[in-house]
Amino acid sequence: MSDENERKIEMGKIFPMNSAEKNTAELALDSLASHMFVTGSTGSGKSNTVYKIIDEAIDNKISFTTSRTSTARLVTLKKDIDELTERS
């Protein structure tokens with residue numbers, strides 16, 4: 001059951017079979033207190049999803065740690081996080 005007072009991140013629209021639903025995909029901020037694993041095929045939006053979650057975590061003063069398998073992408077992610085942190 002969803003609590004209407006629960007703090008949430010609006011992740012975006014749901015597009016099953018290329019047709020937008022009226023409901024949005026949401027993630028409860030309190031769920032960020034546990035581990036998260038983001039996976040998917042190439043081009044499916046994994047990085048954009050993670051960046052959105054990080055952006056919202058920073059805005060809501062939620063601590064986090066990230067891990068990626070690609071060193072080059074980890075450097076880019078750290079740079080992006082530094083820029084987001086300077087903003088808040």
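User: Let's start with K8: how does it count at 32% relative accessibility?
Analyst: K8 counts as partly exposed at that 32%. Buried means under 20% relative accessible area, exposed means over 50%, and partly exposed is in between (1.4 Å probe, protein chains only).

User: Before I go on, what kind of model is this?
Analyst: This is a predicted model, where local features need pLDDT of at least 70 and side-chain atom pairs count only at pLDDT 80 or more, while totals for chains, interfaces and linings use all residues. Residues are numbered from 1 along each chain as its sequence is written, and side-chain values use heavy atoms, with hydrogens and water left out.

User: OK, back to K8. Which residue does K8 form a salt bridge with?
Analyst: With E26, and the closest N and O atoms are 3.5 Å apart. The pair links distant parts of the chain, since K8 is in strand β1 (residues 8-13) and E26 is in strand β2 (residues 24-28), 18 residues apart. A salt bridge here is a side-chain nitrogen of Lys or Arg within 4 Å of a carboxyl oxygen of Asp or Glu. E26 is partly exposed too, because its relative accessible area is 46%.

User: How many salt bridges are there by this rule?
Analyst: Two. Apart from K8 and E26, there's K52 with E56, at 3.1 Å from N to O. K52 and E56 both lie in helix α1, four residues apart, which is about one turn of the helix.

User: Why would that spacing matter in a helix?
Analyst: An α-helix has 3.6 residues a turn, so residues three or four places apart point the same way.

User: How far does α1 reach?
Analyst: Its 14 residues reach 20 Å from first C-alpha to last, close to the 20 Å expected at 1.5 Å a residue. That expected span is 1.5 Å times one less than the number of residues. Buried residues in α1 include I53 and A57.

User: Which residues make up the largest nonpolar core?
Analyst: There are seven: I9, L27, L29, L32, I53, A57 and I62. A nonpolar core is a set of buried Ala, Val, Leu, Ile, Met, Phe, Trp, Tyr and Cys residues joined through side-chain atoms within 4.5 Å.

User: What does I53 touch?
Analyst: Not counting residues up to four places away in sequence, I53 touches M11, L27, L32 and M36. Contact means heavy atoms within 4.5 Å.

Conventions. Helices (H or I, at least four residues) and strands (E, at least two) are DSSP runs, numbered from the N terminus.
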